[in-house]
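Good morning, and thank you for joining.

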Amino acid sequence: MGRLAPPEAVPVRWHKAESRNEFTADSIRTRPKNPVSQVGVAALIDVESLRSFLDGLSDLVGIATALLDLDGNILQSAGWQSACTAFHRTVSGSAVNCTESDLFLASHLRKGEFVDYKCKNGLWDVVTPVFVGKEHLGNLYCGQFFYEDDVVDESFFAAQAERFNYDKAAYLAAIAAIPRFSREKVRSVMGLVVNLAAYLSHLSLTNLRLQESQGRMEALINALPDPVWLKDTNGVYLSCNRAFEHLVGSTVGNIVGRRDDDFFPAELAEFFRGKDREAIAAGEPRRNEELVPAADGRPAILLETVKAPLPGADGAPAGVLGIARDITERKRAEDRIRFLAHHDGLTGLPNRSSLYERMEQSIAMARRCGKAMAVMLIDLDGFKSINDTVGHHVGDRLLVEVAKRLEHSVRHSDIVARLGGDEFVVALTAIENVSDAAEVAAKIVDQLAAPYPMVDHELRTSPSIGICFYPDDATEINELVKNADIAMYRAKAAGRCNFQFYTEEMRTAVAERVTAEKALEVALTEGQFVLHYQPLIELDSGRVVGVEALVRWRHPERGTILPGDFIPLAEETRLILPLGKWVLEEACRQLKRWHDAGLNELEMSVNLSAIQFQEKDLPDLVKQAVERAGVPASCIHLEITESMAMRNPQQNIVMMKALTDLGVKVVLDDFGTGYSSLAYLKLFPIDIIKIDRSFVRDLETDENDSAICEMTMLLARKLGLQVVAEGVETEAQLNFLGSIGCQRIQGYLFSKPIAAEQIEEFVEGFRAPRVEVERG
Ligand SMILES: Nc1nc2c(ncn2[C@@H]2O[C@H](COP(=O)(O)O[C@H]3[C@@H](O)[C@H](n4cnc5c(=O)[nH]c(N)nc54)O[C@@H]3COP(=O)(O)O)[C@@H](O)[C@H]2O)c(=O)[nH]1
């Protein structure tokens, strides 16, 4: 806001009143109000200060003065004649003449002008307006006089006395006392009054702007969500905003004039005062944190407060301005972030980085005291399937319970941490011997294997624990954890729910495994795998009706490696997924080549691993491979082992169905070894069963095996399934299988698995031996 210019001297113009009838009291009272006129002149002018001025003027000049608002209310008056105070204004009939005069004069007034008016009571009033900006808010009056040139008609006043029942003598005496002024004198007095009005206008406008600015400032400060307050140098509150009222649980009216010890405990109030003084002494804002009891009984809140010295008009410190921000939530979040940096969010246990820090300290301690430390890596058995079946939220509750049980199983000085997932580490600090660790490990196995009651069911899991020792097995933390991990894998392999101590041999085995795994990865990326194909003969027609694709690894140094030596590792490492995909795609492509070369009825069997069979996208993969190669789906036979099918029969039926829906055939491989129940066999949407090699091998010598083969044939006939006998090496085996009606034969008797390039030649040159085939 700019500074207000001083009031200009107003040139005085006499403005004669022209009409008596253009206004009424109502028209003035019902004038539309604007913001300024709503404030009113009385609110803007220091009426008390005006009083002494008007008194002085009246004393000096002997003229009556008044300040009236537009509704005719007399705000200030001086030097009034007794004719008015004792007579005209006391009787309603006469007073109405005064009001009419006031109201007439209240209209038609322009800034810098004055008008005079002879009221019906026979006296003159002169008036000039008080404008605030463009708003006419009130009027300054001089009046209750006669002009020198007036002829005072005594009979008029005598008649008035009679009409209004005045004491005639007293009234006429009062009229006689009415002062007389020359018009020049009235003009010069009004010049003074007009300037006074201009001054009052200026003052009012200044006050108005000040009020507006104060109002805006208050609105602004009250809208702030942060508490704001002002105190003088003695710590007495001068002002505050709503947020501060809320903070101390009081109102501004009650806060202003009080000190901190009226609202806060003495010690805290003294602390606040100290911080006030610091800011005042520093001459610049000071920031600090204050824990303040909440007014509404909630827990204490933490405020970040900035206190700045408040300069007075002379520049010297007049107090302190404070503004505070509730940082309780922010602090809590920061504390949580700090906590999470070192702890696991779910169980509250130390996380990996905190574990390593604490192990560092424990190792240093163990070194000084010549003691050992045991590091246990604990993995929960079957946790993934718990998560998959009952959901992650229940899995999470289980992990929290496991954490509690682990903490209860060890001493306070030991370390329990969660590495992530279902992996925990327990470090037993300062142990004497191996049996100490064995005892704790056995206790942990018992504790964790005990049932976990949940709301609507009971869960079970067990731990596989690997243990290694500082300093015997390793001295570095990473090594210790790694060795414990190796031992934990051995515990898993040893049937789970047990603990194993780390040994050097384990490390060697792991190293070999890691090397093999790497080599397998390289083999995949460098295309070191090839497919060999073993022909499948149909006895009736004497033709090669199909081939089984069997993968081989052409190792650059070790030569050809058979699947038995790498498939288990590929399954463990899940590299079987990309490998199996390649096998499927390559087998389809090769079949297409043979179909195009004229072997157009040839069928292709492909082995599927249990890992592949569990993948939801297997049907998509098969569909793509078949479509991309452009071979009929019915020519593709997917072999799954009987034990695989029986592992989760319900779920597997769904997968088999999805595959047969594509048109491919499903073969139950290694039949007889997987303990199929007849009930399931009926439900499996399979087309072919393959009698396991182990029953064929001893057909000639073992009656049980021949009986199993016969029973398998009977069963297959009943279920409408084809049978393939694999591993046929001798003519006797062949003849027996033919005699029990087995149509399809695979085995070294006809051919070992051979390279793709050899198949065409084999098919063309193939001459089936004569076999008597039993027709069922
Ligand atoms: N998931 C995948 N598994 C595969 C794949 N390729 C092979 N395999 C699996 O490896 C197992 C061993 O295969 P392999 O060493 O190739 O042995 C096959 C034949 O060579 C062997 N066979 C065939 N006839 C005879 C015989 O007369 N005598 C004899 N001693 N062995 C013989 O049998 C194996 C084929 O068996 P099957 O699969 O049951 O038909 C193999 O069993 C597969 O499980 C692959 O790509 N993916």
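**Pockets, ligand and cavities**

The lining of the second largest pocket comprises 16 nonpolar, eleven polar and eleven charged residues. In this classification Ala, Val, Leu, Ile, Met, Phe, Trp, Tyr, Cys and Pro are nonpolar, Asp, Glu, Lys and Arg are charged, and the others, Gly among them, are polar.

Let me state the basis of what follows. This is a predicted model, in which local features need pLDDT of at least 70 and side-chain atom pairs count only at pLDDT 80 or more, while totals for chains, interfaces and linings use all residues. Residues are numbered from 1 along each chain as its sequence is written, and side-chain values use heavy atoms, with hydrogens and water left out.

A word on terms. On a 1 Å grid over the protein atoms alone, a pocket is an open set of points with protein on both sides within 12 Å along at least five of seven lines, whereas a cavity is a set where a 1.4 Å probe fits but cannot get out; lining residues have an atom within 4 Å of a point. Grid points are joined across faces, edges and corners, and a volume is the space filled by probe spheres set on the points.

The second largest pocket has a volume of about 1,000 Å³. Its lining numbers 38 residues, and Glu548, Leu550, Pro563, Asn607 and Asp669 lie nearest the centre. Two or more lining residues come from each of strand 21, helix 20, helix 21 (576–596), helix 22, strand 24 (636–641), helix 24 and strand 25. Helices (H or I, at least four residues) and strands (E, at least two) are DSSP runs, numbered from the N terminus. Strand 21 gives the most to this lining, with five residues.

Where does the ligand sit? It sits in the second largest pocket, in the sense that more than half of its atoms lie within 2 Å of the pocket's grid points. Of the 23 residues around the ligand (a heavy atom within 4 Å), Glu548, Arg552, Arg693, Glu726 and Glu729 come nearest. By class, this shell has nine nonpolar, five polar and nine charged residues.

A polar side-chain atom of Arg552 is 2.8 Å from an oxygen atom of the ligand. A backbone N or O atom of Val551 lies 3.1 Å from a ligand nitrogen atom. In the side chain of Asp670, an N or O atom is 3.3 Å from an oxygen atom of the ligand. Taken alone, the ligand exposes 820 Å², of which the protein buries 83%; accessible areas come from the Shrake-Rupley method with a 1.4 Å probe.

The largest pocket has a volume of about 1,800 Å³. Among its 38 lining residues, Lys384, Arg496, Arg574, Ile611 and Gln614 are the closest to its centre. The lining divides into 15 nonpolar, seven polar and 16 charged residues.

Arg496 also has a phi near 65°, a positive value in a residue other than glycine, and is placed in the loop between helix 18 and strand 19 (498–501). A cis peptide bond, with omega about 0°, joins Tyr470 and Pro471. Pro471 is found in the loop between strand 18 (463–470) and helix 18.

The largest cavity holds about 140 Å³ of space. It is lined by 18 residues, with Trp80, Arg89, Asp102, Asp125 and Gln144 closest to its centre. By class, ten of the lining residues are nonpolar, five polar and three charged.

Definitions and conventions. A polar contact is a pair of N or O atoms within 3.5 Å; within protein, one must be able to donate a hydrogen and the other to accept it, and residues adjacent in sequence count only if both atoms are side-chain atoms.
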